[in-house]
Amino acid sequence: MGIIKRQTIQSSIYAYAGVGVGFLTQGVFFPNLFSKAQIGLMALLIAVSQVLVQASSLGLNNAGGRYFPYFRNNERQHNGYLIISSVTTLVGFGLCVLLLWLGKPWVVAQYGTQSPLFVEYYHLLLPLTLFTVYFAVFDNYAKLLYDPVTGTLLQQFVQRVLILAVGGFYWLGWLTFDQFLGVWLLAFLIPTLLMVASVVRDGNLFFDRRYLSVTPQLRRDLIRYASLSLTTALSTQIIVTIDKGMISNTLGLDATGVYSTASYFAAVIALPATALYKVAATLIAESWKVNDRANILMIYRKSCLNQLIAGCLVFVGVAVNLPSLFTVLPAGYEAGYFVILWLGLSKIIDMATGVNGLILSTSRFYALDSVLFIGLIIITILANRYLLPRYGINGAAIGAVLATFSYNFIRTLLVWVAFRMQPFSWRNGAVLVVTALVWFLSEQVPHYSGSMWQTGSDVIVRSSLITVLFLGLLYVLNISPDATDLLNSVWQRAKKIRG
């Protein structure tokens, strides 16, 4: 767990540094720079490309997490794993190119009226998908070699700095919107090139076909697992992104712009979980290889508790500062108030159930996870079809909560039944009580707004008080031994610096 703790903290630092940049970009700068439709366009392009990235990988990135322990051999260049991954992804991307070409008439018919900008810039999906999928290939490869930090730094921080810079060029009038989108794509290409350079620097860029070696049994297992994990990964991504597609189709890109801006603030809550999953996946797969269930259960319990703590702290910080947030956004964005709360709740549910999905997807029951998600796609589509016309973008957010709760409830139940692993204790409930108490007390303090300086000061002071009160209660009650150890360590370092 020491490796997980250290690398999760490192990744979280980079991720939250990126959040600061992302807040300026997506939360303040872009809404005041672009129209809601233009913001909706960028959000929809990214959402669709994420689905295509999963399709392009043909499930191999996820299969690598399960079977890379059988490839691992530095002297034999990991038996050609990088060659297999790169070539498979190229084939998958080619299939996606064909799909985009064949599907364009349908896209024009479905989105031409409500979201004409998407039809106009539909072709940008090709380079966006290509850059993103090969970043995923090399990021996943580095993660399997116990380096999840570099990918987080490049994707969560460097990429956002580049996007902010490109927005600055547009603000200065140096770029038209057409030109902006072209340069915007470079913000996805450059991290990919840097990710490849990182692999080269570490001496792990192996493309020698002489070392390519896969036993017939491993090949069959890999193909079977990749096929099923492709279903799971595609389903997961579709569930995450289908709301933006259906909003664009039903309500238009303006509504998508408001929803995507709101969803950004909710996504901030889940950043520690993203860092954890990158580290934990490889360690859980290694534990299954030697049947070390005790280690898996330890990771499971600690992930549920510590991710719930991190998620609840950020959730309260976001929720309490929403009135201040909407004072710096253009008119119309206040429609996303409850979207942020609903989507934030969905992130809390996901984090509270820890690595249940990783345990299933790396075990012999991985097929159940794939089948489960097919049903959840249907539930998500039906929920959105019912809720969107009645509640607008709030309906899409409620649908996300229902889907998140459903699949995490079933996953947790499956892990408990199949492996007798139950991760919850009184500590998890205590975190929720502390969260409710801190939220209630924070709402009793009136908000001060006016100038940008006053609003910013209110956010900083309020957030600081929430953090001190929340962490103080955790420390006094010793709800999480890991959190207590971390706070003690920070305090000791602070004393050394002062001394």
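**Ground rules.** I'm working on a predicted model, where local features need pLDDT of at least 70, side-chain atom pairs count only at pLDDT 80 or more, and totals for chains, interfaces and linings use all residues. Residues are numbered from 1 along each chain as its sequence is written, and side-chain values use heavy atoms, with hydrogens and water left out.

**Aromatic pairs.** I count 21 aromatic pairs, taking rings of Phe, Tyr and Trp (its six-membered ring) as paired if their centres lie within 6.5 Å; planes under 30 degrees apart are stacked, over 60 edge-to-face and the rest tilted. I picked out Phe 34 and Phe 180, a tilted pair with 4.9 Å centre to centre and 45° between the planes. Phe 34 sits in the loop between helix H1 (2–33) and helix H2 (36–57), and Phe 180 in helix H8 (residues 177–184), so this pair ties together parts that are 146 residues apart in sequence. (Helices are DSSP runs of H or I with at least four residues, numbered from the N terminus.) Phe 34 is buried at 5% relative accessible area, and Phe 180 is buried too, at 0%.

Then I went back to Phe 326. Its ring and that of Tyr 337 have centres 6.0 Å apart and planes at 35°, so I note the pair as tilted. Phe 326 is in the loop between helix H14 (322–325) and helix H15 (337–352), while Tyr 337 is in helix H15, so the parts tied together are 11 residues apart in sequence. Tyr 337 comes out as partly exposed, at 25% relative accessibility.

I also found a cluster linked by ring pairs: Phe 29, Phe 30, Phe 34, Tyr 121, Tyr 170, Phe 177 and Phe 180.

**Leu 45.** This residue is in helix H2, and at 0% relative accessibility Leu 45 counts as buried. Leaving out residues up to four places away in sequence, Leu 45 touches Phe 118, Tyr 121, Leu 124, Leu 125, Leu 128 and Trp 184 (contact means heavy atoms within 4.5 Å). I also checked Lys 244, 199 residues away along the chain: its C-alpha is 9.9 Å from that of Leu 45.

Most residues other than glycine have a negative phi. Asn 291 has a positive one, near 55°, and is in the loop between helix H12 (271–289) and H13. Arg 420 has a positive phi of about 55° as well; I found it in the loop between helix H18 (393–419) and H19. At 58% relative accessibility, Arg 420 counts as exposed.

Notes:
Helices (H or I, at least four residues) and strands (E, at least two) are DSSP runs, numbered from the N terminus. Buried means under 20% relative accessible area, exposed over 50%, partly exposed in between (1.4 Å probe, protein chains only).
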